[in-house]
Amino acid sequence: MRLKIAGTMLVVATLAFVLSNQNNAGDRPAEAGDRTSQDAAVLVADSGEPEGKSDPLDEVLRLRESLDGMKRRVASELRRSQGLFVVGTDIVIGGKPIGGMAPGGQTFRFPPQMSREEEEWIVLAGELRAENCVELLLNRISDHGHLHIVRRPVYQGYPAYYHLCKIGLPACQPALNRILLESDDMSIHLLTGVLQRCLGNSEARSRLVALKDKCETDEMRERVQKAIERCEAEPVHF
């Protein structure tokens, strides 16, 4: 028993001694412990090893995820503004959706003109180059929009058209597909303009000629012919 007590007292005394030394070291401004840390930092610097910097690729991926999230949000708001309920109903021709049905028996209502709020989302879609919003902008390609936007003059009267051109190549195939479906002359005119602006006039005409050969009805061929004539009459984009 006495040996156990003596051993315990020895352990306590040792701990007290260690703690006392640590406390004394803390009272001194720059003792061995601090010097040791400084020496270690110098060794790391001399070795050329990075000091725990984050990988630039991680930052790129984080920003890309953030950008993708913004594009999804813009598409969602455009669908809401156009009365669309679910993904798959993005294409609207003649006021009717193509490619999906409204869930729960809800009535589809496509506003005859874009609201000011919708135009703001269209502008943002163009600025973000949001390829997931192309079909939604095509729904409004011949809409004049509103005058309240600061940069309105550059739209030349058609904000969705202008921002489709900003999105660029991802808008080309959807625009080509719409030419077969749209009966409105101004819409066909502007759809052709998107192709001319993004592909160049000669390439746009070449694709339209190939499309005409694949048309299944006279009505479709007539629409594509109007687009071809636009390329021939107005090779310079307005």
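Leu57, Val60 and Leu61 together form a nonpolar surface patch of about 250 Å². Such patches are made of residues with over 30% relative accessible area and no salt bridge, like charges being joined within 9 Å and nonpolar side chains (Val, Leu, Ile, Met, Phe, Trp, Tyr) within 5 Å. A salt bridge is a side-chain nitrogen of Lys or Arg within 4 Å of a carboxyl oxygen of Asp or Glu. Accessible areas come from the Shrake-Rupley method with a 1.4 Å probe, and for residues only the protein chains shown count as cover.

The model is predicted: local features need pLDDT of at least 70 and side-chain atom pairs count only at pLDDT 80 or more, whereas totals for chains, interfaces and linings use all residues. Residues are numbered from 1 along each chain as its sequence is written, and side-chain values use heavy atoms, with hydrogens and water left out.

The chain contains ten helices and two strands; helices (H or I, at least four residues) and strands (E, at least two) are DSSP runs, numbered from the N terminus. Along the sequence their order is α-α-α-β-β-α-α-α-α-α-α-α. Of the 238 residues, 34% are buried, where buried means under 20% relative accessible area, exposed over 50%, and partly exposed in between (1.4 Å probe, protein chains only).

Val60 belongs to helix α3, residues 56-81, and counts as partly exposed because its relative accessibility is 42%. After α3 comes Gly83, with a positive phi near 80 degrees.

The buried residues of α3 are Lys71, Val74, Ala75, Glu77, Leu78, Arg79 and Ser81. Their cover includes α4 (116-127) and α5 (134-138). Trp121 lies in α4 and is buried, because its relative accessible area is 17%. Leaving aside residues up to four places away in sequence, Trp121 touches Arg73, Val74, Glu77, Leu78, Arg80 and Ser81, contact meaning heavy atoms within 4.5 Å. Trp121 and Ser81 stand 40 residues apart in sequence, with their C-alpha atoms 9.2 Å apart in space. For the chain, residues 24 or more positions apart account for 68% of the contacts with a separation of 6 or more.
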